[in-house]
Every structure is written in C-alpha cells, then in structure tokens.
Amino acid sequence: MAEFRVWAPKPELVRLDVDGVVHVMTSTEDGWWHTTVDAAPDARYGYLLDDDPIVLPDPRSARQPDGVHERSQLWDPAQVTRTDDDWPGRSVAGAVIYELHIGTFTAAGTFDSAIEKLNHLVDLGIDFVELMPVNSFSGTHGWGYDGVLWYSVHEPYGGPDGLVRFVDACHARGLGVLIDAVFNHLGPSGNYLPRLGPYLSSGRNPWGEGINIADADSDEVRHYIIGCALRWMRDFHADGLRLDAVHALVDTTAVHILEELATETDWLSRQLGRPLALIAESDLNDPRLITPRDAGGYGVTAQWDDDIHHAIHTAVSGERQGYYADFGSLATLAHTLRHGFFHAGTYSSFRRRRHGRPLDTSEIPATRLLAYTCTHDQVGNRALGDRPSQNLTAGQLAIKAALVLSSPYTAMLFMGEEWGASTPFQFFSSHPEPELALATAEGRKAEFAEHGWDADEIPDPQDPQTFARSKLDWDEADTGEHARLLQLYRALIALRRSEPDLADPWLDHLVVDYDEDQHWIVVRRNQLAIACNLGARATSVPVSGSLVLAWEPPSIGTKATELPAHSFAILRCI
C-alpha cells in the first residue's frame, strides 16, 4: 500500500490517478488531500483537479520519467543501493569547490558519464563538487534554473537513481557534493503549482513571478521550500546546497526563511552526524547572511562574493563595462582582498545608489566568503558565453588562479577553468513550446543589445548547436598550454593544502602592497608573499625570499624580485 498526500487548497475536488485508475481523496481543513491505495513500487500517478481531465504531476514527485508535464513515478530512497553510509562529511570552510553542469561536463551529459571524470577532480585536489541545478525542468537540456518540479531529478541526466550513484561515487573518492537549489522563482513551462495553492506572490523578480513566502497562506509554501532543501541532503546524501539569488527571496516575516532553513539544516546535520552547508548567492553584500544566529545573523554557512571576482577580473583583464565600472584598479583589488566586500555602504555607479554593508573581519572569517575567477554566471551571462581563457594570456589566467587559490577565502573553480578550456559556456534552452522558444531567443538579444553587443552575434539559446558548443573538450586538457595550466592548478591547490600560512582565515592578518603605475601587487600571508605582475612588461617588485612556486622564472635579488610580464611568484620571506 502507498500513501498519497498533496496540498491543494484551491480546487474543490482532488482525485488521484494511479496507472489510469481514479481514486477518491479525502480533504482536511488545512488544504491537504490524502488517500492510501495499492500501487506498484514504480507506479505512474498524478492528480485530477475538479472536472479537468488532465492529470497533473505531484509537486513533491521524485521522478518525472516523461517530463514535467506528464505523470509522476513513485520512487523510494530506502530501496536504493548505497555504499556511503559511513561517509563522515567534510567542512566547506577553506575548501576548494568545483562547479559543474552535468549536461555539458561530458559528451554524454549524464550523472554516470560524470562519474568517469571524478578521478580528474581528485587528482586536481578538489574537495567539493557543486552541481548546477538538477531538478526537473521543461525540455531536454538547459541550465536548470527554470525548474518547476523542485523535488524531482531531471530525467535526461539519469533521474534520482543516477544522482544517488553520482553522490555515492563522489563520497567514495572523498568528494563532498553541493546541489544548486532555486527557490526564488519557477520556470515558465510546466508550473502547475498556482492551480493547487497560493505558491506565488504578488511581486516579481527578474526571472518571473516571486514565491509566496511572506503573504497570506504562505506557511505551507515555506514548508514546501524547506522540505525540498532538506530532502536533497537527507534522501540524496548531498553535503549542502548552493542557494540561488537569495536576494530575490522577499521575506517580511520576523524570522527570515534563510534563518529558518539554516536552523533546520543544523538540526538535520546533528541527526545525520555529518556537516551540512548552505552557501548563498547574494547580491546584497550583507554580512548578516553569514553572521551566526546567536549574533543576530541568519547563520548561513557561506556566500558567493562577486566583488572579489570583479576586482580580480577587471584588474587583470582591463574590462570596465556594466557592473565592472567601479572596479579595475589595483587599489580596488587590494581593498577588496583585505575587506571581503568592495561595496560596503559605498556608492555603486552601476546601481546608482549606496550598496552593501561592512564586514567585521575580526569576527567573521574569510572562509565564509567564496572567491573565484569565473562561474557559470560570469561566463554564461556574457553575450557570447566566452571564458577568460578565450580573451586572456596563459600568464593572466595564472595570476587569477594564484590570487584566488592562495587567498584566505574558500575557493571555487568553474569546470574547465583548470586547463583554460577553449570551449564557451553559452546560455542554452530547449523549451518545447514555439512561442516560449521565440520569446527566450528574442529576450536574450534585447538584453545584450542594451549593453552594446551586436544582437546578430548572440547565439540562439534554442539552437542545439549552442548546447553542443558548450560541452567541455576533454581531449585538450593534456595538450600544450592547457596541460601547463592544469599542472599549475594542481600545484596551487596542493600548496593551499600543505602550507600552514595559507590556512589562516583572518583578513586582519592579510597585508597587501601594490604599485598602480608599475602594475604589481603583493599579497602577504605571514611568511609567504604572492607577488603578481599584471603588466605587459617585466617589473621589479620589492620583495625577496626563497622561491616556492612561479608561473615564469623570476630573478630574485636580495631586496627585490624581477617578475616577467603577466606572471606571479610565491616566495617564502624570512
């Protein structure tokens, strides 16, 4: 016998359809409908609302074998074979995280094919794999941020069984797993939740209608979100979540949903006996996210830090368009590395207002902020989806890697970055509805035309070649400059693990010197000095010591070091 329950306060009648047989359901005053019927373990089922003959999927479905518009299928996590029951977990503080998209990480684009590449990540020195969204969305391929059935696993990737195998394989190799979860909006295709209950709010965000987490009848919506988040960690053994764009979660209640989720996650962590992490993507520069709850914060484990990305990227590349306008100088880079945020109650020319709040560096360790040279956003949301490796020299890429991986921040890489992948990561979708496909393509062109890009050059997201071009080319990883860069990443990560001075998480201990005119910057981590020449000519840097690691051989004197153009050297200064 199987129990079926669904929260549906809107319709007057809800019936259950199991493999074509319709069953009566009983309602309660709080809007829940339930029944227990004899059903096969892999039965296909769904719900009928009022007199509509269309069977709708279960909003808490684990599996959608025929897509988000069709029936759900029963799936029992207790019946899945696992080998990671003794997995102790690991902390994300100071770790090296590797963000990847299942569909483009390998040619096959599945969990099982991704497993075949995990030894590469182990050899690289990665601690955690962060999966871009794997929840069900309409179509066969896409970024995953337009999910509509948050509890289920995208079938083309391998469904829930495939995800269990992937997590199991990661844990067997000592890799933690983080899953990108999107709770700030729902996709435009296959979203039947509004027919069931008040899941949407009256407001909107850049990606669609907002989620009702603070308006009338929002309690069950909040339970739906928190239940989904905990389920990834409980049923699929994920070690934590990356929470997409939490600034779009408009919550006016006394207990913010992020605080509530962090509390529930900590409780689950104690029950499971292993660490669990919540990593927020936030555009707010608000330290309250990562401040402990007993100090008045939300208690989220960590957050992405785009200011660090912007400061490093602009200083190295020279780009200054759009939200890069306030960045680009070495002074800005030095300030951001020292303080975590650049905009901290200061004026943002891009936003045309004050932005952010200062971080108390004596109380909050740098490991609660993530530093990176690129992400899916910082690549894929460029008009052409071009990576830094398509525009910068190998030396410039090496400098960016050194600044991130030798920093006190928790570090993150984006798939293929470690070898300077030549393939782009473009925005792609596969909406089956022609009108939605057209609107997506036209909207993408209009968005980038406003930023000065040639609309005719912007790839059509619906073109299958846009998706195909974005797949990594693993054959290039061991060739030429790609192989040299990969070797450097391995060396930097190994040094990060072995060198005690690089484990210090306190920004108050960080010292940064620079010369704007000579284009050099030196980051001092106790006895270690990370000296970088961002200029196109060799320059003399006032630091000396024994060489630990370098991109190009420097000339080390008694008081200064000559660095070649676009290079760095890590020195031990006594």
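Contact here means heavy atoms within 4.5 Å. The model is predicted. Notes follow, element by element.

1. **V548 and its contacts.** V548 sits in strand 26. Setting aside neighbours within four places in sequence, V548 is in contact with L495, L528, I570, L571 and R572. One of these, L495, is 53 residues from V548 in sequence. In space, the two are 9.0 Å apart, C-alpha to C-alpha.

2. **Is V548 buried, exposed or partly exposed?** V548 is partly exposed. Its relative accessible area is 28%. Buried would need under 20%, and exposed over 50%, so the residue falls in between.

3. **The sheet that holds strand 26.** The sheet is open and has 5 strands. Their order is 22-23-24-29-26, with antiparallel pairing. Strand 22 (511-515) and strand 26 (546-550) stand at the edges. Each has a single partner strand, so one side of each lacks a neighbour in the sheet. From one strand to the next, the twist averages 20°.

4. **Strand 26 against strand 29.** Strand 26 pairs with strand 29 (residues 567-572) in the antiparallel sense. The pairing runs over 4 bridges. L549 has I570 as its bridge partner in strand 29. I570 is also one of the contacts of V548.

5. Helix 11 (residues 394-405) lies across strand 23 (520-525), strand 24 (528-533) and strand 29. Helix 11 runs at about 35° to strand 29.

6. S555 stands opposite E562 in strand 28.

7. **Strand 9 and its two partners.** Strand 8 (residues 96-100) and strand 9 (residues 128-131) run parallel,. They are joined by 4 bridges. L100 has L131 as its bridge partner in strand 9. Strand 9 also pairs with strand 12 (residues 176-181), in the parallel sense and over 4 bridges. There, F128 stands opposite G176.

8. **Side chains of strand 9.** F128 and E130 point one way from the strand. V129 and L131 point the other way. All are buried, E130 included.

9. **How many residues of strand 11 are buried?** In strand 11 (residues 147-153), 7 of the 7 residues are buried, so the strand is largely enclosed by the rest of the structure. Strand 10 (residues 135-137) runs antiparallel to strand 11, with 3 bridges between them. F137 has G147 as its bridge partner in strand 11.

10. **Helix 8 with helix 9.** Two packed helices are described by the angle between their axes and the distance between the axes. Helix 8 (residues 306-317) and helix 9 (residues 330-339) have axes that come within 9 Å and cross at roughly 150°. That makes helix 8 roughly antiparallel to helix 9. The crossing is left-handed.

11. **Who makes that helix contact?** Helix 8 contributes D307, I308, A311, I312 and A315. Helix 9 contributes L330, T332, L333 and T336. By class, the contact of helix 8 with helix 9 has 6 nonpolar, 2 polar and 1 charged residues.

Note on methods:
Residues are numbered from 1 along each chain as its sequence is written. This is a predicted model: local features need pLDDT of at least 70, side-chain atom pairs count only at pLDDT 80 or more; totals for chains, interfaces and linings use all residues. Side-chain values use heavy atoms; hydrogens and water are left out. Axes are lines fitted to C-alpha atoms, for helices over the stretch in contact, and angles run from 0 to 180 degrees between N-to-C directions. Helices (H or I, at least four residues) and strands (E, at least two) are DSSP runs, numbered from the N terminus. Angles under 35 degrees count as roughly parallel, over 145 as roughly antiparallel, 65 to 115 as roughly perpendicular and the rest as oblique. A crossing is left-handed if the near helix is turned anticlockwise from the far one by less than a right angle, and right-handed if clockwise. Ala, Val, Leu, Ile, Met, Phe, Trp, Tyr, Cys and Pro count as nonpolar, Asp, Glu, Lys and Arg as charged, and the others, Gly among them, as polar. Two strands pair if DSSP finds at least two bridges between them. Buried means under 20% relative accessible area, exposed over 50%, partly exposed in between (1.4 Å probe, protein chains only).
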